[in-house]
Amino acid sequence: MNMAKNIFALGVVILAVFFGIRLIDARQEVGVFLALMATASVAYLLMIWLVHSREPGPMKALVGCLFLGLIFRVALVGVAPIVSDDVYRYLWDGRVQQHGLNPYGSVPNDPELESLHTELTRRIHPTNAALPAIYPPLAQRLFYGVTSIHESVEALAIAMVLADVLIIVLLWRWLVAAGRNRWWVLAYAWHPLVVLEGAGGAHIDLFGTLFLVAAGLALSLRRSLLASVTFAGAIAIKFVPIVLVPLLWRRIRLMHAIVAAVVLVLLYLPFVRDGVLPVGSLGTYLSQWRFNAPFFRWLEPLIGVPFVIVAAVCVGLLAAGVARRSMRCDDPRAWAWPIAAAVMLMPAIYPWYLVWLTPFLTVAGTFPLAIWTVASISTYAVWAAELGGEGWNLPVSVELFEYGCVAASAVGIYWFNRSSGQVVHKGY
């Protein structure tokens, strides 16, 4: 019970951080924001350490900790967006659909569409405003659904928090079904990045993660049709989880895979014009967007952009293939590492991309990824450069810190397991 009290105390520290963030302008006061998030990250990692060995306390204590996690989110909903303006683009994509337009062909800076703008959609960054939509069709339908109810940042933030809460429920169910330590649900519920990008940023990645976790749970329970359809839903929100396809190989029925493919086609069909698959500005993003991507930056001059992108997908698929052969379908490493391998080679790695990893940070084998997810928050130091007139350029020192932390943790885990003789998959 004393351990549960210590964990709750760490949660209070995280809560104080988020209430502190409410009181500042994170973009104008970057140093203060990063110091606060660093404090929350250290508290989070200490919690992970306490949970790792055994169940810290009774069910009542865990429920109290989860309630505290809900308060984290409530604290930030009213101040979103904190450090990213993607939500304004979500509002635009939803709004144009309400007017019967195709978001893949409706560019925000089009003079002919000026009358559709609101005060919020005029805040879209000029670079983004020159491009058509990039998000896949299910994401577009979610934007449409939320904005049809209420066209506001708060409405989208609340929608993401609802998805967030559902992820926690599904993770709890997954842990119970596997007979494992239910306290591991805090590895997701208390993650500072999840709270920041969900309640504080309204990023659509939360909904994608919800569908992915649903697919993982369904696969573990051998519900082939549900696993197939929810996995297709995850891909239809963002393409990130497509590298996990090998995990479903011979674990789902062929007919159910066909149903999932049909679902994908039906989602895309309303947006198809002249027989062209609606991918919007995806090509522009891959060819021009660059952020926090040292591995891509090193490879691009050697083999070119298309081959690096193909390599990223292939590495992710290969990692998933290895996981399919050597791990159970409920092993979190099998879900986390292929996504991490693919994202690591992408041309832009924004912090919210790593939200996809957060439900699976529950074994020693994914601890380096836990470090990466919290260290990635440091990349918001880019706002200091932006405000200083240096453009959206991330200092190399921040990349060295971020990936240095990941490398150091990986080496530390390796030597710890080697010296202690522990099995790396102990825990969830």
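Let me begin with the salt bridge between D205 and K238, whose closest N and O atoms are 3.1 Å apart. By salt bridge I mean a side-chain nitrogen of Lys or Arg within 4 Å of a carboxyl oxygen of Asp or Glu. This pair links distant parts of the chain: D205 belongs to helix α10 (residues 205-220), K238 lies in the loop between α11 (224-235) and α12 (245-248), and 33 residues separate them. Helices here are DSSP runs of H or I with at least four residues, strands are runs of E with at least two, and both are numbered from the N terminus.

The model is predicted, so local features need pLDDT of at least 70 and side-chain atom pairs count only at pLDDT 80 or more, while totals for chains, interfaces and linings use all residues. Residues are numbered from 1 along each chain as its sequence is written, and side-chain values use heavy atoms, with hydrogens and water left out.

Are the two partners buried or exposed? D205 is buried, at a relative accessible area of 0%, and K238 counts as buried too, at 11%. The cut-offs are under 20% relative accessible area for buried, over 50% for exposed, and partly exposed in between, with a 1.4 Å probe and protein chains only.

I turn now to the other salt bridges. The rule gives a count of twelve. One of them joins R73 to D164, with the closest N and O atoms 2.4 Å apart. R73 sits in helix α3 (residues 59-77) and D164 in helix α7 (residues 153-178), so this pair also connects distant parts of the chain, 91 residues apart. R73 is buried because its relative accessibility is 1%, and D164 is buried because its value is 0%.

R122 and E114 form another bridge, at 2.9 Å between the closest N and O atoms. E114 counts as partly exposed, with a relative accessibility of 40%.

Next, the chain as a whole. How many helices and strands does the chain have? There are 20 helices and zero strands. The radius of gyration is 21 Å, close to the 22 Å that the globule rule gives for 428 residues, so the chain is as compact as a globular protein of that length. That radius is taken over C-alpha atoms, and the rule is 2.2 Å times the number of residues to the power 0.38. Along the principal axes, the C-alpha trace spans about 65 × 55 × 50 Å.

Buried residues make up 55% of the 428 residues. Of the contacts with a separation of 6 or more, 79% come from residues 24 or more positions apart; a contact means heavy atoms within 4.5 Å. The accessible surface of the chain comes to about 18,200 Å², and 67% of it belongs to carbon and sulfur atoms. Those areas come from the Shrake-Rupley method with a 1.4 Å probe.

L248 is placed in helix α12 and is buried, at 9% relative accessible area. Leaving aside residues up to four places away in sequence, L248 touches L219 and F231. Its C-alpha atom is separated by 36 Å from that of I71, 177 residues away along the chain.

R250, by contrast, lies in the loop between α12 and α13 (254-268). R250 is exposed, with a relative accessible area of 71%. From R250 to P137 the distance is 27 Å, C-alpha to C-alpha, and 113 residues in sequence.
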